[in-house]
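Please open the structure in a viewer and keep the selection tool at hand.

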Amino acid sequence: MTNPAVVAASGIVLAGGRSSRFGSDKLAARVDGATLLDRSLAALAAHVTEIVVVLAPGDERTPARLDRPIRIVHDLERYGGPLVGLLAGLETVDEPLTIVAAGDMPTLGASVLRLMVWTLMSADTAIGAVILERRGRGEPFPAVVRTGAAAEHARRLVVDGERRLRALFDHLPTRVIDESAWRPLDPDARTLRDVDTPADLGP
């Protein structure tokens, strides 16, 4: 039976960072028996037809098996920044929409992701991305993007020397979902939780 939560969307998980604030490889840290990366992949898998994991060059880790195809690609440059990693992923995925998350986001909310996908699917095609607002500011993760438009803008920005993910949403027409619209679906904002230090591994 087809899962009604799954739409024609790819997933990209960016997992090529330094983990400098964590002090060790944070994506290998275990939470309730699974690595942080595997928990992030599992949270995303229910909403996509495939997942591309973007790792640093030379990183040969193998994510846990899921009921979705998983492909591994590597950053075009080591620790080149999230925009470089995103471009590597966008040039690999197959679907017209892509959900983008970081590898240190283990509690992505299903209802919030569905709202983001629906918002982009129902928006004018000139809108190329959807992100969430928190405390008056758009958050770059998670994001839902139109794959072709996002790849085109990301490629141009990277060539120009840009490495910040936020720069993509400054240039790609983006709809920001007000906090008042998504918070009732996720009162504790767990969708935006990321892990920077060992203390962030708590429940």
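**A guided tour**

Begin by selecting A189, a buried residue whose relative accessible area is 6%. The model on display is a predicted one. A189 belongs to the segment that follows α6, the helix of residues 179-182. Its backbone deserves attention: the phi angle of A189 is near 55 degrees, a positive value in a residue that is not glycine.

Next, select R135. This residue is found in the loop that links β7 (129-134) with β8. Phi of R135 is likewise positive, near 55 degrees, in a residue other than glycine. Is R135 buried or exposed? Its relative accessibility is 72%, and R135 therefore counts as exposed, the cut-off for that class being over 50%.

Select F141 together with P142 in order to view the bond between them. The peptide bond joining F141 and P142 is cis, with omega about -15 degrees.

For the last stop, turn to the interior. In soluble globular proteins, nonpolar side chains tend to be buried together. The largest nonpolar core of this model has 63 residues. Which of its members touch the most other members? They are L86, M116, V145, L168 and F169. Select F169 and display its surroundings: leaving aside residues up to four places away in sequence, F169 touches A129, I131, P140, A143, V145 and T174.

Definitions and conventions:
Residues are numbered from 1 along each chain as its sequence is written. This is a predicted model: local features need pLDDT of at least 70, side-chain atom pairs count only at pLDDT 80 or more; totals for chains, interfaces and linings use all residues. Side-chain values use heavy atoms; hydrogens and water are left out. Helices (H or I, at least four residues) and strands (E, at least two) are DSSP runs, numbered from the N terminus. Buried means under 20% relative accessible area, exposed over 50%, partly exposed in between (1.4 Å probe, protein chains only). A nonpolar core is a set of buried Ala, Val, Leu, Ile, Met, Phe, Trp, Tyr and Cys residues joined through side-chain atoms within 4.5 Å. Contact means heavy atoms within 4.5 Å.
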